[in-house]
Amino acid sequence: MTEIPDPLALLDGHADAPRIRSRRLVNGVATLVVEATGLDAAGRAAVEERLRGALNAAGIGEVRIAMTASKPQRRIIAVGSGKGGVGKSTLTANLAVALARAGKRVGLIDADIYGPSQPTLLNAHGKPQAEKEKLFPVETPFGVRLLSVGQLVSAGQALAWRGPMAAGALTKLIEADWGDAEVILVDLPPGTGDVQLSLIQKARPDGALIVSTPQDLALIDAARAIDLFRKTSVPVLGIVENMAGYTCPHCGEVSDPFGSGGAEASAGRLNVPFLGRLPLSASLRESSDAGTPPAAGDGPAADAFHDLAQRMMDALETIRR
Ligand SMILES: Nc1ncnc2c1ncn2[C@@H]1O[C@H](COP(=O)(O)OP(=O)(O)OP(=O)(O)O)[C@@H](O)[C@H]1O
């Protein structure tokens, strides 16, 4: 018996052959199903153009190409605080950078409608591309993909959004093309309002991280944030205490402007893991303002963020078991 030659065998040696999941030729029309996982819009278009070109050159005029992408296992972690200004955005940016340096594919959603600061913290000032209403995150210099509510409006423009508008914007960011991102951190506004509820409903986060200073006022609010996540069945991964202990650069004396140990004690009372503390540090503030997150560098500050990121991921795994 003689085998009928496969008219599409010409694709076997093609550079994009590993992506071809199926191929057939019926009545002169070639139909290919192509795996597009990990490709952005430009990457997909390039693959399509190369395959179409190869088939056209072989005399096959009509080519239909369907792209499929397997959904990666993706974890969404909400970073929240009860009180504003406790360092939630700074921590989120640095945790994202630490995770990226540890080899994770990381996305960051800046949902802080009151003060979207991630474009500054991650030195990424471009506008996201969009295709058919779908946003493509902006690449930052630190290997973290970013979408921020701040990118949806002009610089300096106030985000005077009511609940439904904020929820709509958040949905756009969540439903963006996150490609093969394995972990997405969401920098929430402070408090327990519309954005938090929308995120919980739309994205069902796998876990929540709570940031607080050691100050009583911040801790009371942190307890409220924890209560919201618990009531909505979002596992609380732990509390991070920020702005704990200040070492005087001149005399080396350590002082505690916001008190000390409060978050760890609260974590114990609330039965939530305590993941660690970060000192109040002028250099952290300066490098954050300059768009150079310490987690991208070397030294004790970078190590502290790497340890915290590791503990956060460990807490996530513990919860999943
Ligand atoms: N450990 C720290 N040491 C010194 N400054 C810090 C520290 N953490 C954060 N900051 C500074 O405190 C300010 C507030 O931090 P950040 O914007 O991260 O807080 P936030 O909780 O996200 O605030 P918001 O209420 O706007 O969401 C920033 O100027 C930041 O650089």
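User: In what order do the eight strands of the open sheet lie?

Analyst: A word before we start: this is a predicted model, in which local features need pLDDT of at least 70 and side-chain atom pairs count only at pLDDT 80 or more, while totals for chains, interfaces and linings use all residues. Residues are numbered from 1 along each chain as its sequence is written. Strands are DSSP runs of E with at least two residues, helices are runs of H or I with at least four, both numbered from the N terminus, and two strands pair if DSSP finds at least two bridges between them. With mixed pairing, the eight strands follow the order β8-β9-β5-β10-β4-β11-β12-β15.

User: Which strands sit at the edges of that sheet?

Analyst: An edge strand here pairs on one side only. That describes two strands, β8 (138-139) and β15.

User: Is β11 largely enclosed or open, and why?

Analyst: A residue is buried if 20 or more other C-beta atoms lie within 10 Å of its own, exposed if 12 or fewer, and partly exposed in between, with C-beta atoms placed from the backbone. In a regular strand the side chains alternate between the two faces of the sheet. Gly207, Leu209 and Val211 are buried on one side of β11, and Ala208, Ile210 and Ser212 are buried on the other. Because six of the six residues of β11 are buried, the strand is largely enclosed.

User: How many bridges join β11 to β12?

Analyst: Let's look at both neighbours of β11. On the β4 side, β4 (residues 75-80) and β11 (residues 207-212) run parallel and share four bridges; Ile77 is partnered with Gly207, and Gly80 with Ile210. On the β12 side, Ser212 stands opposite Glu241. β11 and β12 are also parallel, and the number of bridges between them is five.

User: At about what angle does helix α6 run to β11?

Analyst: Axes are lines fitted to C-alpha atoms, for helices over the stretch in contact, and angles run from 0 to 180 degrees between N-to-C directions. Contact means that the C-beta atoms of two residues, placed from the backbone, lie within 7 Å. Helix α6 (residues 216-231) lies across β4, β11 and β12 (236-241), and its angle to β11 is about 170°.

User: Is Phe274 buried or partly exposed, and why?

Analyst: Phe274 belongs to strand β15 (residues 274-277). Leaving aside residues up to four places away in sequence, Phe274 touches Gly238, Ile239, Ala263, Glu264 and Ala267. Because Phe274 has 18 C-beta neighbours inside 10 Å, it counts as partly exposed.

User: Which strands form the edges of the three-stranded sheet?

Analyst: This open sheet has the order β1-β2-β3 with mixed pairing, and its neighbouring strands are turned by 15° against each other on average, direction ignored. Strand β2 (residues 29-35) pairs with β3 in the parallel sense over seven bridges, with Val34 opposite Met67. Helix α1 (residues 41-57) lies across β2 and β3, at about 150° to β3. The strands that pair on one side only are β1 (20-26) and β3 (62-68).

User: How far apart are the C-alpha centres of domain 1 and domain 2?

Analyst: The domain assignment, with bounds from an automatic or database source, gives domain 1 (11-68) and domain 2 (75-320). Their contact takes four residues from domain 1 and four residues from domain 2. The distance between the C-alpha centres of the two domains is 41 Å.

User: Which residues come nearest to the ligand?

Analyst: Near means that the C-beta atom, placed from the backbone, lies within 6 Å of the molecule or strand. The shell divides into eight nonpolar, 11 polar and three charged residues, where Ala, Val, Leu, Ile, Met, Phe, Trp, Tyr, Cys and Pro count as nonpolar, Asp, Glu, Lys and Arg as charged, and the others, Gly among them, as polar. Helices α2 (88-101) and α8 (282-289) each supply at least two residues of this shell. Of the 22 residues around the ligand, the nearest are Gly84, Gly87, Lys88, Ser89 and Thr90.

User: What percentage of the protein chain counts as buried?

Analyst: The chain has nine helices and 15 strands, and its C-alpha trace spans about 85 × 45 × 40 Å along its principal axes. Of its 321 residues, the buried share is 40%.
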